Amino acid sequence: LRVLRAGGNAADAAVAAAASLNVLEPCMTGVGGDAFCLFYDAASRTVRGLNGSGRSPAALDLQAAQAAARAEGGESQPLALPADSVHCVTVPGAAAAWCDTLALFGSGMPLADVLQPSIELAEGGFAVAPVSALSWRELEFQLTRWAKKGFEHPGVAAFLPGGRAPEDGQWVTNPDLAATFRLLAEKGKAGYYSGRVAQAIVTTVQRMGGKLSLDDLARHSSDEVRPLSITYGDRVVWELPPNGQGLVALLCLAILKEKEGELRALEHNSSGYLHLLAEALRLAFAQGAEAIADPAALAASIGVEWDRAGGGEAGRTRALWDAMLSPSHVAALAAKIDTARAMDDAAAPLPTNCASETVYLCVVDGQGNACSFINSNYAGFGTGIVPDGCGFTLQNRGANFSLVEGHPNALGPSKRPYHTIIPGLMTRKDGAFDCAFGVMGGFMQPQGHVQVVLNMLLHGMDPQAALDAPRLLLEPAPPVHAMNATPASTRCAKSERGLGPLSG
């Protein structure tokens, strides 16, 4: 609000809020993680996007990651890095994303003014909120594990006042983070990706056995991207393209649009309704497993014809995504759904991280511009590694890479992983803004997007009711969860269709 009152727009205010939440909820988000943005420009009635995710170290290849995973996790053929591996540290993209959001979509307000409220919070202190204190305490092990492994880790003291996680209501300051923000405010991206902060990141990561280098940080850049969309009724639903999983949400909605007549005839969250939803999600996740990765390494094994020839890398990948959302491909997928039984071979194994350790926020300003913004460390404090004297933790986003050779999302040098955090946005067919939306929870996010959109468009719920309504959550074991309250009759009927028990 302070930034908006000072003349800033929705993009300026979103970055200010993201930075302040880094101070207030460091176990959820921070400048050591990644960020993504969808921006609605009211003057032009256009939606633009920013991919602020980082890449793996150039010196880390698949074979080295497989060897590290075997040593750290004890598995002979690991499918992914352990979430606490130092090799899960990818280049933090949030700092550049904040700067680029202002440069591309902002009002012209200086970065220093946008960051000033968060600098004051970090220096002057704040009372830790109850939910944050609970998460901080539950995730304290992420911060202490490096010292327990025998590594010097002085930076972690910024998050353990008195040697432990703060209590509810305890007054906390973070002068190290304030100093980091001051450098970013004064020097822009150079204040983070070179100089003292960059050196601290690299020194600390390498001390823990990682391969991140100064060159990795210096080469980092955000990407302005053209969002993907589908039309559902009189609304257009917008998501960012891969390496994020917004494609899963759009594909699921497109499949359910094919089944809209059946869906409308069913009671909200009845067993039949949840069955259609679960099957569409399984199909969409299976497709996403082959098409969500660093765009330079996408597969062609998902049973869809697409133009691999012209247009360069951007043109080729766009052709794939457009083909996946084409009416013919969507209709073929929808035809696989049996309303009486679950499919046996619908989906690749679903990922397991559906925790809600992320922050999503949206801002609409007085001119009608809207910013849908999401920022995360991934799992809580991420790796829990705190660069010396910097006041933030480094993400563990590399845990999302596959260690299976030949997989499109297989870990490789300077590569972006499959990414879970996704902002959403809706417009009307005439281009007018409708709403910005998002949820938290790792691989829950496209599932949540689909259900929030359906709640609003099919069931006439207002945004708060759409968010509050019980949700289905697919996970590997048990394969289906019911978030919040779902009738026992629905749980039993869903199990009878063959997908597995509902729990929650």
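## Exercises on a predicted model

Skipping neighbours within four places in sequence, His87 touches Leu60, Ala68, Glu72, Leu81, Gly209, Gly210 and Lys211, where contact means heavy atoms within 4.5 Å. This is a predicted model, in which local features need pLDDT of at least 70 and side-chain atom pairs count only at pLDDT 80 or more, while totals for chains, interfaces and linings use all residues. Residues are numbered from 1 along each chain as its sequence is written, and side-chain values use heavy atoms, with hydrogens and water left out.

**Exercise 1.** Find where His87 is placed, and decide whether His87 is buried or exposed.

*Solution.* Start with the location: His87 lies in the loop between helix H3 (62–73) and helix H4 (94–105). Helices here are DSSP runs of H or I with at least four residues, strands are E runs of at least two, and both are numbered from the N terminus. Next, take the relative accessibility of His87, which is 11%. Buried means under 20% relative accessible area, exposed over 50%, and partly exposed in between, with a 1.4 Å probe and protein chains only. His87 therefore counts as buried.

**Exercise 2.** Work out how H12 and H17 are oriented to each other.

*Solution.* First, the geometry: helix H12 (residues 246–258) and helix H17 (residues 445–457) pack at about 45°, with axes 8 Å apart. Axes are lines fitted to C-alpha atoms, for helices over the stretch in contact, and angles run from 0 to 180 degrees between N-to-C directions. Second, the class: angles under 35 degrees are roughly parallel, over 145 roughly antiparallel, 65 to 115 roughly perpendicular, and the rest oblique. H12 and H17 are therefore oblique to each other. Third, the residues: H12 contributes Val248, Ala249, Cys252, Leu253 and Leu256, and H17 contributes Pro446, His449, Val450, Val453 and Leu454.

**Exercise 3.** Describe the surroundings of Gln447.

*Solution.* Gln447 sits in helix H17. With a relative accessible area of 1%, Gln447 is buried. Beyond neighbours within four places in sequence, Gln447 contacts Leu281, Phe285, Leu472, Leu473 and Leu474.

**Exercise 4.** Name the residues that touch the most other members of the largest nonpolar core.

*Solution.* A nonpolar core is a set of buried Ala, Val, Leu, Ile, Met, Phe, Trp, Tyr and Cys residues joined through side-chain atoms within 4.5 Å. Of the 75 residues in the largest one, the answer is Trp98, Tyr192, Ile201, Phe373 and Phe392. Helix H2 (residues 10–24) supplies the largest share, nine residues.
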